[in-house]
Amino acid sequence: MFEKMFETISSTGKAVGEKTKQGTDIVKANLKITAEERELNDIYLEIGKLYYKNNSENPCCEQMKELFDKVSEKAALVEELKDKVRQLKGVIVCKNCGAEVDNGNCFCGKCGAKIEKPEVVESEPAGDIETVIDHEDTVEVVDENGEAAIKIEIAEDESSSEE
């Protein structure tokens, strides 16, 4: 009787062990499949990027032209968003090496290149504006409420005043 019970327990244990091994093998195989599919998708991505780079100016068909246009739009949007983040962070991009450099720096900390500061563009006041020249040496930009929005002093050129 104990022998029969021992045999039953032993055979059940072997069956459970085999099922566990089989399950482990299935999980390993599925992980390998997932890794291979990821590498395959990376290769497809590289093929697509290379094809876009080499053919963006001359797409082979209308369908590719539409896709290329979408890529261009998305790339422009991504760059615009990156610029906003850089503005919030107070950094600019070095034109020599691409590193982010603090707005206050005159040289790149990575490559040492001189940083050219972008021109600061003043935003225009809302509504209509009018330019009023009230003196020969002053130009005033007035907003819709008649308030001076910008006042510019014009330096006289000495050679032109003598003529």
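## Salt bridges in the predicted model

The structure holds six salt bridges, a salt bridge being a side-chain nitrogen of Lys or Arg within 4 Å of a carboxyl oxygen of Asp or Glu. Side chains of opposite charge can pair when their charged atoms come close. This is a predicted model, in which local features need pLDDT of at least 70 and side-chain atom pairs count only at pLDDT 80 or more, while totals for chains, interfaces and linings use all residues. Residues are numbered from 1 along each chain as its sequence is written, and side-chain values use heavy atoms, with hydrogens and water left out.

## Overall layout

The protein chain has three helices and five strands. Helices (H or I, at least four residues) and strands (E, at least two) are DSSP runs, numbered from the N terminus. Along the sequence they follow the pattern α-α-β-β-β-β-β-α.

Of the 163 residues in the protein chain, 10% are buried. Buried means under 20% relative accessible area, exposed means over 50%, and partly exposed lies in between (1.4 Å probe, protein chains only). The protein chain exposes about 14400 Å², and carbon and sulfur atoms supply 54% of that area. Accessible areas come from the Shrake-Rupley method with a 1.4 Å probe; for residues, only the protein chains shown count as cover. Among contacts between residues at least 6 apart in sequence, 3% join residues at least 24 apart, where contact means heavy atoms within 4.5 Å.

## Pairs within a helix

Asp-25 and Lys-21 meet in a salt bridge of 3.1 Å, N to O. They are separated by about one helical turn, because they stand four residues apart in helix α1 (residues 2–55). Asp-25 is partly exposed at 35% relative accessibility, whereas Lys-21 is exposed at 53%.

Asp-69 is partly exposed, with a relative accessible area of 35%, and Lys-65 is partly exposed at 36%.

## From helix α2 to strand β2

Lys-89 forms a salt bridge with Glu-100, with 2.7 Å between the closest N and O atoms. Lys-89 lies in helix α2 and Glu-100 in strand β2 (residues 100–102), so the pair ties together parts that are 11 residues apart in sequence. Glu-100 counts as partly exposed because its relative accessibility is 44%.

A polar contact of 2.6 Å joins the side chains of Arg-86 and Asp-83. A polar contact is a pair of N or O atoms within 3.5 Å; within protein, one must be able to donate a hydrogen and the other to accept it, and residues adjacent in sequence count only if both atoms are side-chain atoms. Not counting residues up to four places away in sequence, Arg-86 touches Glu-79, Val-91, Val-93 and Glu-100.

## The nonpolar core

The largest nonpolar core has seven residues: Ile-92, Cys-94, Ala-99, Val-101, Cys-108, Ala-113 and Ile-115. Such a core is a set of buried Ala, Val, Leu, Ile, Met, Phe, Trp, Tyr and Cys residues joined through side-chain atoms within 4.5 Å. Leaving aside neighbours within four places in sequence, the contacts of Val-101 include Ile-92, Cys-108 and Ile-115.
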